[in-house]
Structure formats: C-alpha cells, structure tokens
Amino acid sequence: AIATDFRFVVDESTQGTRAGIPLGEDELTEFVNKCIGELRADGKIDAWYAEYAEYARTLGLETN
C-alpha cells in the first residue's frame, strides 16, 4: 500500500546534525565534530540538503 497523504511532522527541537557516539569516546567525538565543522564550512552539508530536497520534490514530497 502507498500512503499518498502521509507527511512527516518536523520537531524543531531535534533539527540539526547528530551522530550517536558511545559515552567516553572523546577522541571519536572530536573527530566527528571536526568533520562536521569542515563539511559545514565548505558548504557541503547545505549543498547536499538542497540536492536531496530537490530530489524529494521530484518524487512529489514537500520539503521545508
């Protein structure tokens, strides 16, 4: 079955970039944060978002 009228409700309090890392993995946390920072600074995260938001629109999905 295909639900044509289904829409996700976006919870603004959970927006942003997230990564699950076990507690105490400080070196890994620093590395992941560094990578995210570099991707943001290079504009890649925004570019990827725009690319896949456009793709979602081609599928008939609404984007924010």
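Let's start with the surface: E25, D26, E27 and E30 form a negative patch. A patch takes residues with over 30% relative accessible area and no salt bridge, with like charges joined within 9 Å. Asp and Glu count as negative, and the charge is placed at CG of Asp or CD of Glu.

Some ground rules. This is a predicted model, where local features need pLDDT of at least 70 and side-chain atom pairs count only at pLDDT 80 or more. Residues are numbered from 1 along each chain, and side-chain values use heavy atoms, without hydrogens and water.

Now helix α1, residues 26-41. Helices here are DSSP runs (H or I, at least four residues), numbered from the N terminus. E27 sits in α1. E27 counts as exposed because its relative accessibility is 69%; exposed means over 50%, buried under 20%, partly exposed in between, with a 1.4 Å probe. α1 has 16 residues and reaches 22 Å from first C-alpha to last, close to the 22 Å expected at 1.5 Å a residue. After α1 comes G43, with a positive phi near 80 degrees.

Next, salt bridges: a side-chain nitrogen of Lys or Arg within 4 Å of a carboxyl oxygen of Asp or Glu. How many does the whole structure hold? The search finds 2.

One joins E38 and K34, at 3.6 Å, N to O. Both lie in α1, 4 residues apart, about one turn. E38 is partly exposed, at 41%.

R57 and E54 also pair, at 3.2 Å, N to O. They are separated by about one helical turn because they are 3 residues apart in helix α2, residues 44-58. R57 is partly exposed at 43%, and E54 is partly exposed at 41%.

Note on methods:
Patches are made of residues with over 30% relative accessible area and no salt bridge: like charges are joined within 9 Å, nonpolar side chains (Val, Leu, Ile, Met, Phe, Trp, Tyr) within 5 Å. Accessible areas come from the Shrake-Rupley method with a 1.4 Å probe; for residues, only the protein chains shown count as cover. Helices (H or I, at least four residues) and strands (E, at least two) are DSSP runs, numbered from the N terminus. The expected span of a helix is 1.5 Å times one less than its number of residues.
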